[in-house]
Amino acid sequence: MISKGVTIQEPKGKLGVLLVGLGAVSTTVIAGVEAVRRQLAKPIGSLTQMGTIRLGKRTEGRSPKIKDFVPLAELEDLVFGAWDIFEDNCYEAALHCGVIEKSLLEQLKPELEKIKPMPAVFDQHYVKRLHGTYIKKGENKRDLAEQLMADIQKFKTDNNCTRLVMVWCASTEIFMKSSPVHETIESFERGLETSDPDIAPSMIYAYAALKSGVAFANGAPNLTVDIPALMQLANEKGVAVCGKDFKTGQTMMKTILAPGLKSRMLGLSGWYSTNILGNRDGEVLDDPESFKTKEESKLSVLEYILQPEIHPDLYGDFSHLVRINYYPPRGDNKEGWDNIDIFGWLGYPMQIKINFLCRDSILAAPIVLDLAIFLDLAQRSGMKGIQEWLSFYFKSPMTAPQLYPEHDLFIQLMKLKNTLRHLKGEEMITHLGLEYYD
Ligand SMILES: NC(=O)c1ccc[n+]([C@@H]2O[C@H](COP(=O)([O-])OP(=O)(O)OC[C@H]3O[C@@H](n4cnc5c(N)ncnc54)[C@H](O)[C@@H]3O)[C@@H](O)[C@H]2O)c1
């Protein structure tokens, strides 16, 4: 199948990347991009920087780098901005988070110090464990949204950007369900006026982004942009959105392993996941209300991948538990354990143990970079609303209301690459390959 291709505007000028939250993930992306620009390190883990894409038949030997195939913003053209509830600049915040070694941060200090956060829209009701000191004051939530829109405009002018994208890298908010105020843009705007408690700070940022024509990605499991009112706004404004919750660590491993077990028709009787984590994210998730948001996001993946309703004998009755324990000595270097009880031929039981000593922000940083760059591509290609082809990066991918999310990492990657082929009018790759044997 070959599409005609799509007109893609060239990525001329600077791309502003606005990060909500200047914590472990954000500072690791910003410092990392600076280190790569200076050739002090390589952008490992980033598909936009290192990934390739096969084109045409296997006999053609065409596998360019993705960045040479589609017109993407160059690292040199990225300018970062951020909001946070603390006033520390990017250098101070990165030092505090302790992800990147001090010796590397020292080399990047002059650039990092220049990135000073803008005061945040924050309310402790939504993130119980944090006490913000650097926050905007406003008459109501509409006033706060307007202040964010003014920040966005000012950042764009001051930095001479031609385009902007926004990525939520701030703390996980309490668990919320969609309510009547989220139904339409009219009810949402009335809710801003009356400061409705069902409008969380993350929704105010998303609203400000969409109103300003800025594409939005949600890296946390909060509801945020995943409500009908904001989807309506994204479609009306022609803006691209994606979410939720960066797929790193244990969930990434789950979406690699579970499709493998299922493809061999091996059964599952239980999957127990636990981890210890000592960064601020871990502290926030120690609060049961924020943990609930995360737990929902982490639990959903196995159900969708294994499809128990289609395979009741294999997956009709498995236990799935996820625990996160805040354990300060580990900092950002999380340790995860998985115990997987599976069964095979004639029902004989087997076990798999995974002990993943990972680094949360090191896994998340290339995801943020890719999302910023791909969202900009989507925007320049006239794609609006939910960008399901970016599900590859998320634990709880957003989809059209009638669809279930696709969690299998390999199907997600195929979808991502076929979307790029579609944009450029290249043949889709189905892996059928009968023609090689004609
Ligand atoms: N690192 C990962 O592997 C990973 C994976 C999936 C999701 N996430 C999510 O990404 C987010 C960031 O993770 P992190 O490790 O950088 O956490 P972090 O705690 O180091 O950073 C979050 C920052 O957001 C700030 N913040 C909180 N509320 C804010 C608001 N309303 N406006 C502006 N700033 C605000 C905090 O002060 C903090 O500096 C978290 O929600 C986390 O759950 C991270």
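**Entry 1: overall size**

I began with the radius of gyration, taken over C-alpha atoms: for 438 residues a compact globule would have a value near 22 Å, and the chain has 22 Å, which agrees. The globule rule I used is 2.2 Å times the number of residues to the power 0.38. Along its principal axes, the C-alpha trace spans about 65 × 50 × 50 Å.

I noted that this is a predicted model, in which local features need pLDDT of at least 70 and side-chain atom pairs count only at pLDDT 80 or more, while totals for chains, interfaces and linings use all residues. Residues are numbered from 1 along each chain as its sequence is written.

I then looked up burial, where a residue is buried if 20 or more other C-beta atoms lie within 10 Å of its own, exposed if 12 or fewer, and partly exposed in between, with C-beta atoms placed from the backbone. Buried residues make up 46% of the 438 residues in the chain. For contacts I required the C-beta atoms of two residues, placed from the backbone, to lie within 7 Å. Among contacts with a separation of 6 or more, residues 24 or more positions apart account for 77%.

**Entry 2: domains**

I found the chain divided into domain 1 (14-246 + 362-423) and domain 2 (249-357), with bounds that come from an automatic or database domain assignment. Their C-alpha centres lie 26 Å apart. Where they meet, 27 residues of domain 1 are in contact with 27 residues of domain 2. By class, the side of domain 1 that touches domain 2 has 13 nonpolar, seven polar and seven charged residues; here Ala, Val, Leu, Ile, Met, Phe, Trp, Tyr, Cys and Pro count as nonpolar, Asp, Glu, Lys and Arg as charged, and the others, Gly among them, as polar.

**Entry 3: nonpolar cores**

I next searched for nonpolar cores, meaning sets of buried Ala, Val, Leu, Ile, Met, Phe, Trp, Tyr and Cys residues joined through C-beta atoms within 7 Å. The largest has 113 residues, of which Val167, Leu230, Val368 and Leu371 touch the most other members. Its largest share, 12 residues, comes from helix H14 (residues 360-380); helices (H or I, at least four residues) and strands (E, at least two) are DSSP runs, numbered from the N terminus. Domain 1 and domain 2 both give residues to this core, so it lies between them.

I followed Leu371 and, leaving aside its neighbours within four places in sequence, found it in contact with Val167, Ala217, Cys242, Leu390 and Tyr393. A second, separate core of 12 residues includes Leu261, Val301, Leu302 and Leu306.

I checked helix H10 (residues 249-263), whose 15 residues reach 22 Å from the first C-alpha to the last, close to the 21 Å expected at 1.5 Å a residue; the expected span is 1.5 Å times one less than the number of residues. Its buried residues are Gly249, Gln250, Thr251, Lys254, Thr255, Ala258 and Leu261. Among the elements they pack against are strand E7 (267-277), helix H12 (288-306) and helix H15 (409-423).

H15 also has 15 residues and reaches 21 Å, close to the 21 Å expected. What covers the buried residues of H15 includes helix H3 (66-69) and H10. H15 is followed by Gly425, whose phi is positive, near 70°.

**Entry 4: backbone exceptions**

I kept in mind that most residues other than glycine have a negative phi, and most peptide bonds are trans. Met265, in the loop between H10 and E7, has a positive phi of about 55° although it is not a glycine. With 11 C-beta neighbours inside 10 Å, Met265 counts as exposed.

Ser195, in the loop between helix H7 (185-193) and helix H8 (201-211), has a positive phi of about 50° although it is not a glycine. With 15 C-beta neighbours inside 10 Å, Ser195 counts as partly exposed. The peptide bond from Gly243 to Lys244 is cis, with omega near -10°, and Lys244 is placed in the loop between strand E6 (240-243) and H10.

**Entry 5: Ile324**

I ended with Ile324, which is found in strand E8 (residues 319-326) and is buried, with 21 other C-beta atoms within 10 Å. Leaving aside its neighbours within four places in sequence, I found Ile324 in contact with Asn275, Leu277, Gly282, Leu285, Phe291 and Lys294.
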